Amino acid sequence: MSQRPASARELPVKTQAPLVPLSSCSTNNMPIDASWIPPQHSPTTSHLVPLITALDLDTKSLAYSVSRSSSSCFSLAIQSPIPQPPKTSSPRIPRELTEVHYLITAGQTDNFYSNLISWCPLTLKLAIGINDEVYFWDGKLEIVCIWESPNGSPITCVNCGGGHLLIATEDSMVTVLDFEGNIVSCWEFVAPVLCAQWSHGKFFVGDRIGVVHAIYTPWRIIKRIVHEFRQQATGIAVSEDGKYLAVGGNENRAVIWDIAAIDCPKYLCTLKHNAAVKAIDFCPWSSSPSLIATGGGSNDRHLKIWHIPSGALIKDLETDSQITSITWSKMHRELLLTFGHSSTAKAGVAAMYNYPDLKVVAYVPGEHFRTFSAAVSPNEAKLALATQEGMIRTYWLWPQDDGHGRRSNATIVPAKITPRPSAKDYESSIIQLSEGVTTELSLR
């Protein structure tokens with residue numbers, strides 16, 4: 001057995017700094033350059049016919065909707081002939097996420113394609129793959145080794161879900177444990193598994209030759225789902241309702257399938273980038289769902305938001321950094337990005353963006369760090385980052401309140417408060433019509 005992690009440390013609580021008048025702040029001293037870069041939205045397309053055809057819209061309904069909207073604006077202008085001056089507000093300064101604990105490991109693999117940390121949804125402990133071993137860390141001082149590779153093969157992926165822990169190794173073996181460390185099943189694949197996602201009683205896994213399988217843990221059955229790529233399947237995501245499967249690849253694209261009938265998956269669309277796509281996540285509060293976010297690697301560095309039914313690109317933001325993970329919040333209109341290699345020293349290792357404005361509202365600094373694996377706790381209270389120098393760091397993300405104004409990391413996941421859809425989410429009147437979202441509804 002290789003050397004176990006050296007130590008875990010708890011950081012001292014930071015004292016609150018004195019408040020500084022906002023007027024004395026200068027944009028030259030902002031902590032992140034990327035937070036002040038305006039999002040580069042994709043231009044509204046003038047080719048309406050292909051989009052209308054893709055969404056199977058009634059053109060008469062569309063014409064009626066547009067004319068009704070225009071007449072409403074005209075009547076409003078008559079009632080208020082004197083234009084009101086726009087309200088001005090000072091720009092919001094992003095807050096720095098507070099680091100809680102850190103763990104010094106004995107040599108974690110620094111690999112863009114690996115996924116070596118995952119939160120256990122039942123205990124809120126963090127599963128960590130270190131060399132050829134897997135540990136459970138409580139986020140404080142307790143570290144327990146629960147599994148070791150029989151032949152010393154390095155870990156390539158860990159993923160928790162449904163009371164199980166999936167472990168993939170470089171020798172193409174996949175082992176499934178329960179949370180007490182007992183082996184449930186073990187399989188040998190043709191190629192090493194690099195990414196995995198639990199959904200509705202099964203693990204979806206992508207391997208180094210681009211094949212995606214479904215592992216049904218209760219019955220110990222493996223089904224081959226799709227084989228879209230010839231190179232690595234670098235990222236995988238399943239919608240909350242289990243209807244859609246998205247797989248990112250090393251071939252500069254991601255692909256979405258409808259897997260409602262999993263034995264006969266239906267191709268939906270391809271999402272293109274200029275580099276490998278590891279970061280990918282469905283928006284949990286968009287209907288159906290209808291929105292998905294993807295992030296490109298070192299030669300792309302763009303965050304893109306797509307409309308799933310039409311495959312239309314809604315938003316495009318350049319981040320100046322390799323994007324290694326994307327996580328939408330279930331309770332906030334925000335999404336979290338983590339970064340690897342960067343073109344600027346001040347880019348940081350993680351940033352939280354609001355939606356649909358895509359402005360940075362929080363960040364994790366780190367001029368000399370890069371993140372290759374990341375995980376958000378099931379209650380969205382903490383963020384865990386695995387960085388290239390062999391450290392695991394945790395930060396307060398969207399912490400819960402214990403009723404006394406103090407942060408709490410309770411194991412009970414709070415009740416889900418779903419954000420309401422808005423007309424601004426889609427940037428297109430045609431897509432708004434297809435989604436049944438109008439300006440009038442969003443202003444209620």
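Is glutamate 142 buried, partly exposed or exposed? The residue counts as partly exposed because its relative accessibility is 37%, where buried means under 20% relative accessible area, exposed means over 50%, and partly exposed lies in between (1.4 Å probe, protein chains only). The structure examined is a predicted model, in which local features need pLDDT of at least 70 and side-chain atom pairs count only at pLDDT 80 or more, while totals for chains, interfaces and linings use all residues. Residues are numbered from 1 along each chain as its sequence is written, and side-chain values use heavy atoms, with hydrogens and water left out.

Side chains of opposite charge can pair when their charged atoms come close. Nine salt bridges are present in the structure, a salt bridge being a side-chain nitrogen of Lys or Arg within 4 Å of a carboxyl oxygen of Asp or Glu. One of them joins glutamate 142 to lysine 125, with an N to O distance of 3.6 Å. This pair connects distant parts of the chain, 17 residues apart: glutamate 142 lies in the loop between strand E6 (133–137) and strand E7 (143–148), and lysine 125 in the loop between strand E4 (117–119) and strand E5 (126–130). Strands (E, at least two residues) and helices (H or I, at least four) are DSSP runs, numbered from the N terminus. Lysine 125 is partly exposed, because its relative accessibility is 26%.

A salt bridge also forms between the side chains of arginine 208 and glutamate 170, at 2.6 Å from N to O. Here too distant parts of the chain are linked, 38 residues apart: arginine 208 is in the loop between strand E13 (202–207) and strand E14 (211–216), whereas glutamate 170 is in the loop between strand E9 (164–169) and strand E10 (173–178). Arginine 208 has a relative accessible area of 30% and is therefore partly exposed; glutamate 170, at 33%, is likewise partly exposed.

In the salt bridge between arginine 253 and glutamate 251, the closest N and O atoms are 3.1 Å apart. Arginine 253 counts as buried, with 18% relative accessibility, while glutamate 251 is partly exposed at 23%.

An open sheet of mixed pairing is formed by five strands in the order E2-E27-E26-E25-E24; two strands pair if DSSP finds at least two bridges between them. Strand E2 (95–96) and strand E24 (321–328) are the edge strands, each pairing on one side only. Within the sheet, strand E25 (residues 334–342) and strand E26 (residues 350–354) run antiparallel and are joined by five bridges. Leucine 335 has tyrosine 353 in E26 as its bridge partner.
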